Amino acid sequence: MDRRYFGTDGIRGRVGEPPITADFILKLGWAAGRALVSQGCNKVLIGKDTRISGYMFESALEAGLSAAGLDIALLGPMPTPGIAYLTRTLNACAGVVISASHNPYYDNGIKFFSRDGAKLPDELEARIEALLDEPLTTADSSALGKAERIEDARGRYIEFCKSTLPSRISLRHLKIVVDCAHGATYHIAPSVFSELGAQVVPIGVSPNGININEGVGSTQPERLRQAVLAEQADLGIAFDGDGDRLAMVDGNGRVLNGDDLLYVIARDRLRAGQLPGGAVVGTLMSNLGLEVAFNELGIDLHRAKVGDRYVMQLLNQHGLMIGGEGSGHNICLDRTTTGDGIVSALQVLAAMVTADVTLAELTGGMSQYPQHLVNVPVAKQRDPAGSRRIQEAVRQAELELGVRGRVLLRPSGTEPVIRVMVEGEDEGQVASLASALAGTVREAMAG
């Protein structure tokens with residue numbers, strides 16, 4: 001689909017700059033409402049993370065959806081996967097998330113879930129974009145949508161998360177540092193783990209509208225690492241601003257990313273005979289060390305394009321259950337319908353408790369290859385595959401790396417950058433090749 005506004009994860013940008021403006025979000029709410037009403041929809045949920053602009057965009061969306069004739073249920077601050085879950089259980093026909101995920105507070109965005117808790121189909125997104133070109137009209141006064149606030153949304157989602165941990169497993173012997181990134185999990189995640197028996201040390205649980213993801217969370221795990229060591233905790237858990245990504249820290253202070261955690265979950269499912277097809281879905285960015293470790297277990301790794309949308313597509317295409325990205329956006333379709341940081345963390349803890357080992361021991365079967373990623377800013381989004389100079393530089397780098405390394409260049413789906421990734425056994429060689437390739441891309445894309 002040729003999208004003007006929708007990227008791989010909804011619509012995102014800097015607040016106050018098109019399209020992340022109050023007037024556009026009002027029109028987007030109306031366009032989405034019109035598209036949904038045409039399919040027989042009558043109620044939509046709206047949830048948000050903790051950034052200050054969420055108040056403004058919540059009101060704008062509410063007005064647009066109401067003008068289109070849709071009723072609205074307001075959830076307040078709620079993790080993205082919680083909105084997906086509540087969309088299903090509250091019998092809404094769509095859920096709307098106001099969040100820019102792991103981005104700073106001055107960014108925001110909108111993404112949608114369908115009635116079954118999955119991302120909207122491409123065809124519906126295309127219909128919404130087409131309606132954005134039409135003049136905004138208002139339904140008859142008798143047909144305008146009404147709004148209500150769901151007071152027990154937090155408790156409903158907490159109970160769901162707890163239900164994904166097998167009842168035989170208790171966390172009562174674990175001390176866990178939980179970092180909520182001052183984001184949407186701040187009032188949920190600590191309760192989930194403590195109610196399951198763990199001793200919880202919470203950090204990143206004081207949102208003020210502008211501190212979301214600031215020095216905390218899954219993309220900046222150093223504070224979590226220090227807290228785990230200082231508290232002599234068994235492990236640490238970190239989420240991003242909207243709670244769909246996960247990073248963990250073992251008791252020795254080692255940071256574990258999504259590839260490490262995907263390995264743990266998949267191996268545990270294989271042990272329990274619960275890995276359909278004996279396969280897992282990763283992405284083009286999944287570490288080569290993960291693929292090697294899976295091969296040793298007899299697990300096939302299917303690589304999707306980068307983005308949870310594409311991981312989900314490949315999971316559904318092959319009838320598989322477990323997939324994820326190195327960013328920590330892991331999906332357990334045998335537990336829920338979308339990437340969920342809290343649910344993923346519980347699956348790792350279940351594997352750890354079942355095996356009666358530490359988290360460090362649990363991840364010992366996998367060694368990640370050095371991987372160097374450079375983001376090259378570009379004024380205009382272009383595919384580097386169209387440059388003969390870039391392709392020749394890639395070919396030379398691949399020859400130098402041999403069969404135990406790889407190169408990947410791709411335009412970002414969420415930022416105006418080209419991502420240059422080099423992976424191999426020698427860290428110095430990898431860094432040098434990545435830097436040289438990034439320079440070539442920078443020069444070629446500027447021409």
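Leu-26 is partly exposed, with a relative accessible area of 29% (buried means under 20%, exposed over 50% and partly exposed in between, with a 1.4 Å probe and protein chains only). The model is a predicted one, in which local features need pLDDT of at least 70 and side-chain atom pairs count only at pLDDT 80 or more, while totals for chains, interfaces and linings use all residues. Residues are numbered from 1 along each chain as its sequence is written, and side-chain values use heavy atoms, with hydrogens and water left out.

Leu-26 belongs to helix H1 (helices are DSSP runs of H or I with at least four residues, strands are runs of E with at least two, and both are numbered from the N terminus). Beyond residues up to four places away in sequence, Leu-26 touches Ala-60, Ala-63, Gly-64 and Leu-136 (contact means heavy atoms within 4.5 Å). The C-alpha atoms of Leu-26 and Ala-60 are separated by 4.6 Å, although the two residues are 34 apart along the chain.

The axes of H1 (residues 22-37) and H2 (residues 54-67) come within 7 Å and cross at roughly 35° (axes are lines fitted to C-alpha atoms, for helices over the stretch in contact, and angles run from 0 to 180 degrees between N-to-C directions). Residues of H1 that meet H2 include Gly-29, Trp-30 and Gly-33, and those on the H2 side include Phe-57, Ala-60 and Gly-64.

The salt bridges come to a count of 26 (a side-chain nitrogen of Lys or Arg lies within 4 Å of a carboxyl oxygen of Asp or Glu).

| Salt bridge | N to O distance |
|---|---|
| Glu-231 and Lys-175 | 3.2 Å |
| Arg-271 and Asp-268 | 3.0 Å |
| Arg-335 and Asp-334 | 3.5 Å |

Glu-231 forms its salt bridge with Lys-175, and this pair links distant parts of the chain, with Glu-231 in helix H7 (residues 222-231) and Lys-175 in strand S7 (residues 175-179), 56 residues apart. Glu-231 is partly exposed at 32% relative accessibility, whereas Lys-175 is buried at 18%. Arg-271 and Asp-268 both lie in helix H8 (residues 258-271), three residues apart, about one turn of the helix. Arg-271 is exposed at 52%, while Asp-268 is buried at 12%.

A network of salt bridges links Asp-9, Arg-12, Lys-111, Lys-119, Asp-242, Asp-244 and Asp-308. His-329, in the loop between strands S14 (322-323) and S15 (331-332), is buried with a relative accessible area of 5%. Leaving aside neighbours within four places in sequence, His-329 has contacts that include Asp-244 and Asp-308.
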